[in-house]
Amino acid sequence: MTSVTSSPLLGVLREFSYGYFALLGFGFFLPFLYMAMSLIPMSIMERVSSSRNASTLITLIIIAIVVTVTYTLLEVVRAQVLERMGTVIDQKLTRICFDAFNRERRAGGGTPAQALADLQTTRRFLCGPSLSAMIDAFWSPLFVIVMFCISGAFGLLILALLGFSAFVSITTHYLVAGHLKAAQRLEGEANEFGLAVSRNAETLRVMGMLPTVTERWYALHSDGVAWRNAAQTRAARIGLVPRMVQNGQMIIVYGVGGFLFLAGQIHVGVLFVVLMMMMRAQGPLQYIINNWSAIQSFWMAAKRLDLLLRAVGAEREHIALPPPKGALVVSRLVGGPPEVDKPIINDVSFTLLPGRIMGVVGPSGAGKSCLGRLLVGIWKSRRGTVVFGEQDLLHWNEDDLGRHIGYIPQDVEFLPGTIAENISRFDPAATSEKILDAIEMAGIHDIIRGLPNGYSTRLGLGGHTLSGGQRQRVALARAVYGRPRLLVLDEPNSNLDASGEQVLGRTMQAMRDDGAAVIVVSHRVSLLSFCDDLLVLNEGSVQAMGGREQIFSRLPRLRGAPPPLVLQPDQLVRSL
Ligand SMILES: Nc1ncnc2c1ncn2[C@@H]1O[C@H](COP(=O)(O)OP(=O)(O)OP(=O)(O)O)[C@@H](O)[C@H]1O
């Protein structure tokens with residue numbers, strides 16, 4: 001059981017703390033090797049030119065080769081260690097994150113795409129050049145100290161250059177922040193609009209809407225690009241002065257060095273060493289300053305990821321419960337979509353005994369689908385309780401509870417995979433007996449027989465396409481797989497013909513006879529006639545509830561007349 005305050009992200013970082021400390025210690029040697037590399041050319045100039053001794057030159061060249069090879073090897077090893085850490089972070093976090101953002105999409109305040117991007121940003125930072133630069137920057141003060149030791153003027157010079165870079169970078173950041181924010185917002189809107197267009201491309205094409213929506217998308221996209229270009233232009237203009245300073249660094253060092261030489265404070269050969277160390281000291285800090293926005297992005301991404309993982313971690317912290325036995329008891333339930341402040345379902349109470357079928361009817365927008373979502377635990381209740389098998393839904397571990405629930409949403413979709421995999425909910429322990437039982441229960445032998453490869457027919461991209469009615473019937477088989485104790489079917493017959501509806505009704509009855517509690521949302525009287533009880537929902541509240549005949553008898557049009565195929569919920573609500 002994980003503690004509420006623990007986070008997998010922090011856990012992984014804690015695991016790696018030794019690795020990061022080792023890299024920091026490792027980074028301590030690199031500056032000394034670099035200093036040694038800078039000193040060798042000076043020694044060659046000074047010692048060889050004065051002694052004119054070839055063996056001195058050879059010795060210095062050998063030392064230079066050894067130092068350079070060691071330095072390069074250490075850098076390569078460090079890069080490899082970071083790469084390896086990246087792989088492990090990937091292994092440890094990717095699966096958890098994928099699972100988390102599909103469970104709790106709002107915890108991190110973003111979309112699944114955002115969560116994936118956050119994971120990439122976090123991973124890139126923790127194992128990439130930014131972290132190497134930070135480790136190098138940690139030891140950069142060593143170079144500054146050496147510069148001060150050579151001459152106070154050089155020390156002050158390097159501090160002035162670093163201060164100037166930091167000032168320009170921070171100023172640029174604030175001056176372009178608004179532009180970048182606008183660009184990000186418009187790019188996000190363009191992406192969202194573009195994805196919606198792609199999803200509905202066929203409909204838009206046949207209705208001749210493609211040119212207009214393309215223009216709309218392009219307007220958003222080009223506005224985003226314009227803001228980004230404006231940010232880049234502004235940053236480039238501000239960056240002109242620091243770039244000139246950087247390009248002229250050699251002149252500055254030689255200028256200051258020249259005066260110090262004239263004042264007899266340094267040897268001319270020192271200038272080359274100073275220049276190399278100056279660059280080495282500034283490099284990582286300059287990298288951090290220039291990439292400050294990337295570091296900020298990492299920080300924000302890691303915080304969002306942490307929030308998401310903590311929320312899911314807290315939610316998943318449940319003890320194992322025995323399979324639910326008993327009624328579904330809904331008490332004063334209030335709830336709705338998490339992103340909407342006003343609840344859709346208000347004060348709904350009812351009890352559904354196992355071995356009963358309850359139909360939910362009501363006008364369009366009454367909240368029937370919302371109620372279904374609350375009953376299966378897709379959304380959490382804001383007030384009130386949903387108790388299933390003597391346990392509040394909130395006490396269940398989602399995955400454990402899922403095995404006892406069968407659900408058909410209004411829009412049925414399948415994952416790429418075989419029809420057998422989809423029916424068995426991709427259960428790795430699925431047996432042929434269990435799959436056949438679900439097929440038998442849902443009465444879809446006729447569909448399976450008609451498929452090119454029977455149970456092994458692949459669905460999804462490049463695979464077989466099921467018709468609307470076939471999709472609903474296969475979804476029924478998936479819903480009854482494993483004989484769940486609660487079945488919630490949201491308009492499961494909207495695409496079914498009369499015979500399909502009869503099969504569906506018989507499946508509901510078979511599940512009822514097996515002891516399951518069945519809830520079905522439907523407008524069609526033909527399906528509602530399979531129900532034992534009816535609940536009439538209006539504006540999110542229970543308008544009436546009772547036995548099927550009792551509710552039907554209160555509807556004048558149904559009394560004594562042959563039942564219409566489609567129930568008129570408005571009329572039902574008015575007549576109650
Ligand atoms: N994900 C959501 N986000 C925001 N609002 C939602 C969401 N789902 C439903 N609603 C709102 O909740 C209300 C009830 O919707 P719901 O789909 O539950 O109605 P319904 O009774 O099932 O209607 P229908 O019979 O037309 O399917 C509607 O006003 C709808 O706009």
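A crossover between two strands is termed right-handed if, with the strands pointing away from the viewer, the path from the first strand over the helix to the second runs clockwise. In the predicted model described here, strand S9 (residues 486–490), helix H18 (residues 498–513) and strand S10 form a β-α-β unit of this right-handed kind.

The overall architecture provides the setting for this unit. The protein contains 21 helices and twelve strands. Its radius of gyration is 35 Å, well over the 25 Å that the globule rule gives for 576 residues, and the protein is therefore more spread out than a compact globule. Along the principal axes, the C-alpha trace extends over about 120 × 50 × 45 Å. Buried positions account for 31% of the 576 residues.

The UniProt entry, which is unreviewed, annotates residues 20–42, 54–74, 138–164 and 251–279 as "transmembrane region". In the model, the span 20–42 is 100% helix and 0% strand, and its end C-alpha atoms lie 35 Å apart. The span 138–164 is 96% helix and 0% strand, with 19 Å between its end C-alpha atoms.

Strand S9 is mostly covered, five of its five residues being buried. Leu486, Val488 and Asp490 point one way from S9, whereas Leu487 and Leu489 point the other way. S9 pairs with two strands. With strand S6 (residues 405–408), the pairing is parallel and comprises four bridges; within it, isoleucine 408 has leucine 489 of S9 as its bridge partner. With strand S10 (residues 517–521), the pairing is again parallel and comprises five bridges. In this second pairing, valine 488 is bridged to isoleucine 519 of S10, and leucine 489 stands opposite valine 520.

Strand S10 is likewise covered: five of its five residues are buried, so the strand is largely enclosed by the rest of the structure. Ala517, Ile519 and Val521 point to one side of S10, and Val518 and Val520 point to the other. Besides its pairing with S9, S10 runs parallel to strand S3 (residues 357–361), to which it is joined by four bridges. The bridge partner of glycine 359 in S10 is valine 520, the residue that also stands opposite leucine 489.

Beyond S10, arginine 524 occupies the loop between that strand and helix H19 (525–528). Arginine 524 counts as buried because 20 other C-beta atoms lie within 10 Å, the criterion being 20 or more.

The residues around the ligand are Pro337, Val340, Ile344, Gly362, Ser364, Gly365, Ala366, Gly367, Lys368, Ser369 and Cys370. By class, this shell consists of five nonpolar, five polar and one charged residue.

How values were computed:
Residues numbered from 1 in each chain as written. Predicted model: local features only at pLDDT ≥ 70, side-chain atom pairs only at ≥ 80, totals over all residues. Near = placed C-beta within 6 Å. Nonpolar A, V, L, I, M, F, W, Y, C, P; charged D, E, K, R; others polar. Buried ≥ 20, exposed ≤ 12 C-beta atoms within 10 Å, placed from the backbone. Pairing = 2+ DSSP bridges. UniProt positions renumbered as here; feature names shortened; annotations may be inferred. Rg over C-alpha atoms; globule rule 2.2 N^0.38 Å.
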